[in-house]
Amino acid sequence: MASRRNALICALFTCIASSILIGQCQAFAPRKYPSSIQQSHEPLPNIRLLALQATKSPMDKITDDPKRSILFSISQTTAGALLGPFLDSYHSANGVLQYDSPYSNQLWSTNSIPAFTTTWWVPPLFGFAGFLIGWLYILLDDYFGEGESSTPMGTSGPVILSGIAFFTFQYWLSGIFFAYGLDRTKIFGIMAVLAFWGYREFDGTRSGLITSLATAIGGPLIEIGLITLLAGTNGGYHYTDPGETGFFPLWIVPVYFLGGPANGNLARGVWKSLGKVVDAEADDKPKRGCKSCGDTRVVPCPNCDGVGYYVTYGTEVKCNCCKSRGLVICRECFAWYDEDPYDIGSIRDFMSRIPD
């Protein structure tokens, strides 16, 4: 009974903590007003951004907006460091693994079955896992063109919390099955079914599959290293049943796998919410840029008056100055971007990427 009560309270704590994390990001998002009171005019298209878009890579997501990237990294690391050890405590409470020098806290449970059992390296390791899984999802989503719209149920707050709760249930159930002596092969089969169902219902993307497989392979390999390197130290630990590998039972692999969708949808939700915060702050800042071109970086070609050709002796001739685009780079806004107006190579490269 104490173990079941611990599981319910831990699951509730996990959901509440995740809800607070998502809510703090969404609280600063800009309010949306009816279209009737919004400004009717649209901003000028930024030709510079269109020209550079073709050369962007997924890694640019990290550098394009440093503030958003830093806040995202902190959020994912914090979520992993706070929630991970509580999940790990399910296995400690049910005898799946034992730490040589554990730190235990009774919290809402009993002294015989404490609600929280961990050791010094567990929170930072789970924090790093949250950081890594989160960024893998964001970068792979960008690479494959996936994201919230590609998932079966989206990444709203309730969906994110449901995914975390389902992962929590799987983690707890694996410990319960072990405590009741269920055969490790049967535990593996049940955990694999739960992992597959959870991935299909809460994710279903290529980004999620790759990240979840990497987590299912990398997590156990890290455990082998930790068990080997930390043996005999105050951070040592071991699985009660070394299982098929000699280090842990194989049913731990599908448990790791389901950590992908749970962390990934949280990452998607946090990234989206932080984007709204940053966009709202950017809207509040005064606009600056070149007045000659409206900060588009291009102006009508003076040789052809912006039409791309000129007429001579009754014949239309292609304008070689702008290559019939009708646009040339604005010479007056180099100062805004701290660029060299005499760097012909860079200017040609920029103009070559302007859409026709």
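Between which two strands is the loop that holds Asp305 found? Asp305 is found in the loop between β5 (298-300) and β6 (309-312). The structure is a predicted model, in which local features need pLDDT of at least 70, side-chain atom pairs count only at pLDDT 80 or more, and totals for chains, interfaces and linings use all residues. Residues are numbered from 1 along each chain as its sequence is written, and side-chain values use heavy atoms, with hydrogens and water left out.

**View 1. The protein chain as a whole.**
The protein chain holds eleven helices and eight strands. Helices (H or I, at least four residues) and strands (E, at least two) are DSSP runs, numbered from the N terminus. Of the 356 residues in the protein chain, 43% are buried. Here, buried means under 20% relative accessible area, exposed means over 50%, and partly exposed lies in between (1.4 Å probe, protein chains only). A contact means heavy atoms within 4.5 Å. Among contacts in the protein chain with a separation of 6 or more, 75% are between residues 24 or more positions apart.

**View 2. The loops around β6.**
Asp305 has a phi near 60°, a positive value in a residue other than glycine. With 66% relative accessibility, Asp305 counts as exposed. Val307 also lies in the loop between β5 and β6, and its 48% relative accessibility makes it partly exposed. The C-alpha atoms of Val307 and Lys318 are separated by 9.7 Å, although the two residues are eleven apart along the chain. Tyr313 lies in the loop between β6 and β7 (315-318). Tyr313 has a positive phi of about 55° although it is not a glycine, and it counts as exposed because its relative accessibility is 83%. Most residues other than glycine have a negative phi.

**View 3. The nonpolar cores.**
A nonpolar core is a set of buried Ala, Val, Leu, Ile, Met, Phe, Trp, Tyr and Cys residues joined through side-chain atoms within 4.5 Å. The largest nonpolar core has 46 residues, of which Phe72, Trp121, Phe167, Tyr237, Tyr239 and Trp251 touch the most other members. At least two residues of this core come from each of α4 (66-93), β1 (97-99), α5 (122-144), α6 (157-179), α7 (184-202), α8 (206-229), β4 (237-239) and α9 (252-284). A second, separate core has ten residues, including Cys290, Cys293, Cys304 and Cys333. In soluble globular proteins, nonpolar side chains tend to be buried together.

**View 4. Glu223 and Tyr237.**
Glu223 lies in helix α8 and counts as buried because its relative accessibility is 7%. Leaving aside residues up to four places away in sequence, Glu223 touches Tyr237, Tyr239, Phe248, Ile252 and Tyr256. Glu223 and Tyr237 are 14 residues apart in sequence, and their C-alpha atoms are 9.8 Å apart in space.

The expected span of a helix is 1.5 Å times one less than its number of residues. α6, with 23 residues, reaches 33 Å from its first C-alpha to its last, close to the expected 33 Å. α6 is mostly covered, with 17 of its 23 residues buried. Just after α6, Gly181 takes a positive phi of about 80°. α8 has 24 residues and reaches 34 Å between its first and last C-alpha, close to the expected 34 Å. The buried residues of α8 include Ser207, Gly208, Thr211, Ala216 and Pro220.

Two packed helices are described by the angle between their axes and the distance between the axes. Axes are lines fitted to C-alpha atoms, for helices over the stretch in contact, and angles run from 0 to 180 degrees between N-to-C directions. Angles under 35 degrees count as roughly parallel, over 145 as roughly antiparallel, 65 to 115 as roughly perpendicular and the rest as oblique. The axes of α4 and α5 come within 6 Å and cross at roughly 130°, and the two helices are therefore oblique to each other. Their contact is made by residues including Phe72, Gly80 and Gly84 of α4 and Phe126, Gly130 and Gly134 of α5. α5 and α8 pack at an angle of about 155°, with their axes 10 Å apart, and are therefore roughly antiparallel to each other. Among the residues that meet here are Leu125, Ile133 and Tyr137 in α5 and Ile210, Thr215 and Ile222 in α8.
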